[in-house]
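Subject: Structure handover

Hi,

Here is the structure for you to open. My notes on it follow below.

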Amino acid sequence: MAEPQQGAPEGAEDATMVRIGQAIMLHRGGDREEARNRFTLLWKETEDTGHLFHRCTIAHYMADTQDDPADELEWDLRALSAADALSEERVSWGEHLLAVRALYPSLYLNLAADHAKLGDPHSARRDLDRARGTLDALGDDAYGDGIRAAIERLELRLADDTAH
């Protein structure tokens, strides 16, 4: 395994973020299969680079392109693992650490949603609690509001499922 990156992505690595953004745009535009193909290629290309921020971002968005909830869970777990590894490295590129820290509520929310889809409400609630515990990383902006609202919706859905 390659050594984790100790500095901010530059040059070719910035091109990787552009390509990640292009794949995200394809997915949001409705071309799920092409987005999945591009994320797969990016995942393979970054496998040996040690750029944990890239790996976290790719896996986070790759999960959304999966058809099978078990595959989605697998990719969300990969994203969480990369985020944890990046956080543990305490690398000096603060803007990326802040970005990853702000991803944790979404990472845990996605895991909770995956567990709910797979019929595991206990794990879903556990990960919702984890998401709530990281909400302080979110700003008072549209992204933060969206994550907080999604957490509330999933909590309501889980409560409804329990009531029925």
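Predicted model: local features only at pLDDT ≥ 70, side-chain atom pairs only at ≥ 80, totals over all residues.

Residues are numbered from 1 along each chain as its sequence is written, and side-chain values use heavy atoms, with hydrogens and water left out.

Start with helix H2, residues 32-46. Helices here are DSSP runs of H or I, at least four residues, numbered from the N terminus. H2 has 15 residues and spans 21 Å from first C-alpha to last, close to the expected 21 Å. That expectation is 1.5 Å times one less than the number of residues.

The buried residues of H2 are Ala-35, Arg-36, Phe-39, Leu-42, Trp-43 and Thr-46. They line one face of the helix, because they fall within an arc of 125 degrees seen down its axis. The arc is taken from the directions from the helix axis to the C-beta atoms. Glu-33 and Lys-44 are exposed on the other side. Buried means under 20% relative accessible area, exposed over 50%, partly exposed in between (1.4 Å probe, protein chains only).

Next, Arg-19. It sits in helix H1, residues 12-28, and is partly exposed at 30%. Arg-19 touches Leu-41, Leu-42 and Glu-45, leaving out residues up to four places away in sequence. Contact means heavy atoms within 4.5 Å.

Last, Thr-57, in helix H3, residues 52-63. Thr-57 is buried, at 7% relative accessible area. Beyond its neighbours within four places in sequence, Thr-57 contacts Met-17 and Ile-20.

Best wishes

Notes:
Helix = DSSP H or I, 4+ residues; strand = E, 2+ residues; numbered from the N terminus.
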